[in-house]
Amino acid sequence: MDGLLNMVLKRILLRLVTLFLVALVVFFAVELRPGDYAEAFLMRWALPDTVAKYREILGLDQPAIFRFFQWLGRAMAGDLGLSFANGTPVFEMIWPRFKDTAFLAFYAAALAFPLSVALG
């Protein structure tokens, strides 16, 4: 029993490390592309001081590593921020879809597990 618990804890820890690394890679991959959200949102014809003010409002004037850990802390607390497209909370946009996805995943597992045991 103790070996099983250790294995489960190691797998959970490995999944958390993997999730952290994926989030880090995706965040910095987005950082590497030219321009930023302020420039894309305001387009080419915005004045430089307008772009600078918008960067300040969005926090894009802070170092990327600081913004990543700030986002990570808020995400772990359940605050995924606001959508840039329409200003609604991201959690409210994701939750209805997540419930449907979780239902489908549970249903698929409920079918696959007995089938795999029977075939195995």
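Predicted model: local features only at pLDDT ≥ 70, side-chain atom pairs only at ≥ 80, totals over all residues.

Biologist: Is Asp36 buried or exposed?
Modeller: Asp36 is buried, because its relative accessible area is 16% and the cut-off for buried is under 20%.

Biologist: And which backbone nitrogen does the side chain of Asp36 reach at 3.3 Å?
Modeller: That would be the backbone nitrogen of Ala38. The Asp36 side chain also has a polar atom 3.0 Å from the backbone nitrogen of Glu39.

Biologist: What does Asp36 touch, not counting residues up to four places away in sequence?
Modeller: With those set aside, Asp36 touches Arg55 and Leu60.

Biologist: Let's switch to helices. At what angle do H1 and H4 pack?
Modeller: H1 and helix H4, which covers residues 64-76, pack at about 135°, and their axes are 11 Å apart. That angle is why H1 counts as oblique to H4.

Biologist: Is the crossing of H1 and H4 right-handed or left-handed?
Modeller: H1 passes H4 in a right-handed crossing.

Biologist: Which residues in H1 and H4 meet?
Modeller: From H1 there are Phe20, Ala23, Leu24, Phe27, Phe28 and Glu31. Their partners in H4 are Ala64, Ile65, Arg67, Phe68, Phe69, Trp71 and Leu72. By class, this contact of H1 with H4 has eleven nonpolar residues, two charged ones and no polar ones.

Biologist: Let's pick out Ala23. What does Ala23 touch, not counting residues up to four places away in sequence?
Modeller: Ala23, which is found in helix H1, touches Phe68 and Trp71 on that count. As for distance, Ala23 and Asn86 are 63 residues apart in sequence, and their C-alpha atoms are 23 Å apart in space.

Biologist: You mentioned Asn86. Which side chain does a polar contact of 3.2 Å join to that of Asn86?
Modeller: The side chain of Ser83 makes that 3.2 Å polar contact with the side chain of Asn86. Ser83 is in the loop between H4 and helix H5, residues 90-119.

Biologist: Does Ser83 count as buried or exposed?
Modeller: Ser83 counts as buried, since its relative accessibility is 13%. Leaving aside neighbours within four places in sequence, Ser83 is in contact with Thr88, Val90 and Met93.

Biologist: Changing topic, what about Phe41: in which helix does Phe41 lie?
Modeller: Phe41 lies in helix H2. Phe41 is partly exposed, with a relative accessible area of 43%.

Biologist: How many residues apart in sequence are Phe41 and Phe84?
Modeller: They are 43 residues apart in sequence, while the C-alpha to C-alpha distance between Phe41 and Phe84 is 9.0 Å.

Biologist: Last one: does Phe106 count as exposed or buried?
Modeller: Phe106, in helix H5, counts as exposed because its relative accessibility is 62%, and the cut-off for exposed is over 50%. Phe106 and Met7 are 99 residues apart along the chain, with 23 Å separating their C-alpha atoms.

Biologist: Great, thanks for the tour!

Notes:
Residues numbered from 1 in each chain as written. Heavy atoms only, no water. Buried < 20%, exposed > 50% of the residue type's maximum accessible area, 1.4 Å probe, protein only. Polar contact = N/O pair within 3.5 Å; in protein donor to acceptor, adjacent residues only side chain to side chain. Contact = heavy atoms within 4.5 Å. Axes fitted to C-alpha atoms, helices over the stretch in contact; angles between N-to-C directions. Helix = DSSP H or I, 4+ residues; strand = E, 2+ residues; numbered from the N terminus. Parallel < 35°, antiparallel > 145°, perpendicular 65-115°, else oblique. Left-handed = near helix turned anticlockwise from the far one by under 90°. Nonpolar A, V, L, I, M, F, W, Y, C, P; charged D, E, K, R; others polar.
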